[in-house]
Every structure is written in C-alpha cells, then in structure tokens.
Amino acid sequence: MAPDFAARLTRVLDLSLNRPRLFGITRGALVPVADRDQPLVERIQSGDKSAFELLMRRYEDKVFRLAVGIMRNREDALDAVQDAFLSVYKKIGTFRGDASFSTWLYRIALNSVYMRLRSQARHERTEPLDALESIMDPARIRTLMPARGWSERADDSLLRQELSAQLREAVAALPEDYRIIFTLRDVEDLSNQEVADILGLTLAATKTRLHRARLFLRERLSAYLQGDAA
Amino acid sequence: MSHSHRPGETGCRQVFELLSEFVDGELSAAERDSLARHLNACPPCEEFLKTFQAARSLCREALLESMPEELKNRLREYLNKRIFEE
C-alpha cells in the first residue's frame, strides 16, 4: 500500500473513533421514537392521508435498507416496501400503541419481505458461520487481538468508499438473523429491546447475537486493513 | 492480553465479553469504572475497543444509503394509486 494511502486510511479510522459517543450511550437508547410517531399515527387513524405520506417519508429509507439487506436485490426490495406500506395503511386502525409504532412497522416490513421471498421460492437463509460460532471461544480471543494498531489510521472519502464495499460484503456474510439484528441496532439505531420485540427473540439472545456480529465485523475489517497495510 | 489483574478487577476476557454492553451504555457505574480502569492500563484491550468501535461506525456508514429517488417515485406512484386516489 502506498504511504499516502496508508496515511489517509489512518485518518479515516481515527475520526471514527474520536467521537464523543465512543464511551457514551448510543443514540438508539436516547430517542423516544414512539413519541415522535404518535401524532402522525393519530392523524392517519382519523383519516388524514397526508399524514401517511409524512410517515412514509420518515421510514422509507429505513424499510428499504432492511428489505435490501435480506433480499439483496433492489427491485425485489421495492416490491416488499410497497407491500409493507400498503399493509401499514390498511392495518393502522388496529394499531393500539402496545409497542412503538416503529416496532410494529418493522414487523410488518419483515413479514412483507418473507411473504415475497416465499412466493419467489428462492430464498436461502444463510447458515450460521463457523466464525461466529467460535468467536467467543476463550482460545480464540488472543488471535482476535489486533497484532498492531489500525485504529489510528485516518479519514478520507476515497478510502471510505473502498472500505464501504468491503464492509458491505462482510455484513452480507453474516447469517440473516445476525444481519437483521446488526442493521436494526447499529444502522437504524433501535434499542436492543425494540430489536428483540421485532424479531420475537429474548433480550439476552438479541444481545448475544449483536455482540457476535460486531466482533465478526471487527475481525473482518481488521483482517482487510492489516492485510492491505502489509 | 497476558498481564495479570488484581482480584475483583476487570480482566481482558471480561473486556472482550462486555464490549457491547459498554459501548451501549448498559453497564453499571461500578462495572464501567472497572472496565475503564482496565482499558487505561491495557493498551491491547484499549486498541481492541477502538477497532471494535471503528468497525461499527464504518459499517453503519457503509450501509446507511438512501432509497434511490427512482424507486421512491415508484413507491409513491404505487401508493398514490392504492391509497391517495381512493
């Protein structure tokens, strides 16, 4: 790797790390999403269609990212997103606020995705990775420790683009449930409890899978960067 | 990863296990303080935490793309026909 490339890489990672939230509470734990959505939900329930469009604009990117992450095809994802929002509109009269609106919406979105996949009869759920099964083994921890630091490397838009492709591949390599958990928690900023509610998992199972997914992605990024820097 | 730890203090293996709860702000004040003390004294663990956080941040950036405008338009056209033109 050319020296200037390495220097830029150093800045990418350093900027990612020097944010105040390094040791703090992530945004997902702080934003009361349910409160924010409730006024719009009530307007839709009373027949205000323009409020539905506002709600759709708020969530279309999020639902699309979730669908693409599972279906891996934008056209298929669009079909699922259309189904999901139509379903939300038709069912919103039944929404009572027992869960947050976003939790309810994501459940409907996941159902729409899986209905589409079943109708296509070509969905193959990814199998658990050996790498994930063993990632918490004590004997493996030593090998996971960084041989040398790459966290001091730097910020650069070109470099981030290169890393993006590598990281999307790494996320795609995660088993589907781990990928959904990581997406909802670390990309969409939902709380662990919301993710657990959406997927019908216990909080403990959700947190364990999230932790393994994060460790796996760290390992993949580390392997790429250390190999690239060699 | 090979240095000794005082009894009752957070060790390297615990750091490894507690990282997600640490970055998610879910540890008790006592656990957080103990882990922070360990990180201050253990450069490999501190580096591991930094790379753990960097991976999360960079993955988030990589995945945080918006729905393409063309698809958004098609979504709205579809819903306009099914909902707004009823």
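1. Let's start in chain B. Helix α1 (residues 12–23) of chain B has 12 residues, and from its first C-alpha to its last it reaches 16 Å, close to the 16 Å expected at 1.5 Å a residue. Please keep in mind throughout that this is a predicted model.

2. Staying with that helix, the buried residues of α1(B) are B:C12, B:V15, B:F16, B:L18, B:L19, B:S20, B:F22 and B:V23. As background for reading such a list, an α-helix has 3.6 residues a turn, so residues three or four places apart point the same way. Just after α1(B) comes B:G25, which takes a positive phi of about 70 degrees.

3. Now to a helix pair in chain A. Helix α3 (residues 49–71) of chain A packs with helix α5 (residues 101–120) of chain A at an angle of about 40 degrees, and their axes are 10 Å apart. The two helices α3(A) and α5(A) are therefore oblique to each other. The crossing in which α3(A) passes α5(A) is right-handed.

4. Who makes that contact? From α3(A) come A:L55, A:Y59, A:K62, A:V63, A:L66, A:A67, A:I70 and A:M71, while α5(A) contributes A:F101, A:S102, A:L105, A:Y106, A:A109, A:L110, A:V113, A:Y114, A:R116 and A:L117. By type, the residues of the contact of α3(A) with α5(A) divide into 15 nonpolar, 1 polar and 2 charged.

5. The length of α5(A) also checks out: its 20 residues should span 28 Å at 1.5 Å a residue, and its end C-alpha atoms are 29 Å apart, which agrees. After α5(A) comes A:A121, whose phi is positive, near 50 degrees.

6. For context, most residues other than glycine have a negative phi. A:R72, in the loop between α3 and α4 (74–91) of chain A, has a positive phi near 60 degrees and is not a glycine. With 46% relative accessibility, A:R72 counts as partly exposed.

7. The other is A:D189, in the loop between α9 (176–187) and α10 (192–199) of chain A. A:D189 is not a glycine, yet its phi is positive, about 65 degrees. Is A:D189 buried or exposed? A:D189 is buried, because its relative accessible area is 18% and the cut-off for buried is under 20%.

8. Finally, A:A204 sits in helix α11 (residues 203–229) of chain A. A:A204 is exposed, with a relative accessible area of 53%. The C-alpha atoms of A:A204 and A:N192 are separated by 9.2 Å, and these residues are 12 residues apart along the chain.

Definitions and conventions. Residues are numbered from 1 along each chain as its sequence is written. Chains are lettered from A and ligands numbered from 1 in the order in which they are written. This is a predicted model: local features need pLDDT of at least 70, side-chain atom pairs count only at pLDDT 80 or more; totals for chains, interfaces and linings use all residues. Side-chain values use heavy atoms; hydrogens and water are left out. Axes are lines fitted to C-alpha atoms, for helices over the stretch in contact, and angles run from 0 to 180 degrees between N-to-C directions. Helices (H or I, at least four residues) and strands (E, at least two) are DSSP runs, numbered from the N terminus. Angles under 35 degrees count as roughly parallel, over 145 as roughly antiparallel, 65 to 115 as roughly perpendicular and the rest as oblique. A crossing is left-handed if the near helix is turned anticlockwise from the far one by less than a right angle, and right-handed if clockwise. Contact means heavy atoms within 4.5 Å. Ala, Val, Leu, Ile, Met, Phe, Trp, Tyr, Cys and Pro count as nonpolar, Asp, Glu, Lys and Arg as charged, and the others, Gly among them, as polar. The expected span of a helix is 1.5 Å times one less than its number of residues. Buried means under 20% relative accessible area, exposed over 50%, partly exposed in between (1.4 Å probe, protein chains only).
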